[in-house]
Amino acid sequence: MISRLASFKTVAVLSCFMALAACSKKSTPDLDAGTGPGVGTNAPGSRGEFETDIGDRIYFSEDQSTLAPEAQETLRRQSEWLQKYTAVTVQVEGHADERGTREYNIALSARRATAAREFLIAQGVNGNRISSIAYGKERPAALCDAEQCWSQNRRAVTVITGGAN
């Protein structure tokens, strides 16, 4: 009787493990089949291409909305890409680090978004395709009380809002 009970417990435990394993198994796409998530994420004209190959964000110095040379280069790449894919619309999001008042950071992030938007327009992108929004310190990319995080939060991000593949 005791060995039978032990066998039953073993079978029950193994059944539970098998059930959990079946439930937690992730569905992984067959990348060779050309379908499923992750396939073509960097295809020409895609969000993935824009975000990773072109670069969707630029960074600013503390209390600045002036475009650094690195930021200008990223925006030039964005402009070339946007001129190639003329159906794409974007929104430039301005952000600030957590220091300063809410009002100050909203105004600063608005200047950052405007600077990026105006640069894209000056490079030949139709202004009707570009909107902008100021988030201030409300949407941090990194959370900590140090320069390594603050520098990541002083940014403008160009987000595709429509027309991408």
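A disulfide is a pair of cysteine sulfur atoms within 2.5 Å. The exercises below apply to a predicted model.

**Exercise 1.** Determine how many disulfides the model contains and which residues form them.

*Solution.* Step 1: the sulfur atoms of Cys 144 and Cys 149 lie 2.0 Å apart. Step 2: the cut-off is 2.5 Å, so Cys 144 and Cys 149 form a disulfide. Step 3: the count by this rule is 1 disulfide.

**Exercise 2.** Assign the handedness of the disulfide of Cys 144 and Cys 149, and classify the exposure of Cys 144 and of Cys 149.

*Solution.* Step 1: the torsion about the S-S bond is about 115°, and the disulfide is therefore right-handed. Step 2: buried requires under 20% relative accessible area, and exposed requires over 50%. Step 3: Cys 144, with a relative accessible area of 24%, is partly exposed. Step 4: Cys 149, at 7%, is buried.

**Exercise 3.** Describe how helices H3 and H4 pack, and state the composition of their contact.

*Solution.* Step 1: helix H3 spans residues 69-84 and helix H4 residues 102-122; their axes are 9 Å apart and meet at an angle of about 50°. Step 2: H3 and H4 are therefore oblique to each other. Step 3: their crossing is right-handed. Step 4: on H3 the contact is made by Gln 72, Leu 75, Arg 76, Gln 78, Ser 79 and Leu 82, and on H4 by Ala 116, Phe 119 and Leu 120. Step 5: the residues of this contact comprise 5 nonpolar, 3 polar and 1 charged.

Definitions and conventions: Residues are numbered from 1 along each chain as its sequence is written. This is a predicted model: local features need pLDDT of at least 70, side-chain atom pairs count only at pLDDT 80 or more; totals for chains, interfaces and linings use all residues. Side-chain values use heavy atoms; hydrogens and water are left out. Buried means under 20% relative accessible area, exposed over 50%, partly exposed in between (1.4 Å probe, protein chains only). Axes are lines fitted to C-alpha atoms, for helices over the stretch in contact, and angles run from 0 to 180 degrees between N-to-C directions. Helices (H or I, at least four residues) and strands (E, at least two) are DSSP runs, numbered from the N terminus. Angles under 35 degrees count as roughly parallel, over 145 as roughly antiparallel, 65 to 115 as roughly perpendicular and the rest as oblique. A crossing is left-handed if the near helix is turned anticlockwise from the far one by less than a right angle, and right-handed if clockwise. Contact means heavy atoms within 4.5 Å. Ala, Val, Leu, Ile, Met, Phe, Trp, Tyr, Cys and Pro count as nonpolar, Asp, Glu, Lys and Arg as charged, and the others, Gly among them, as polar.
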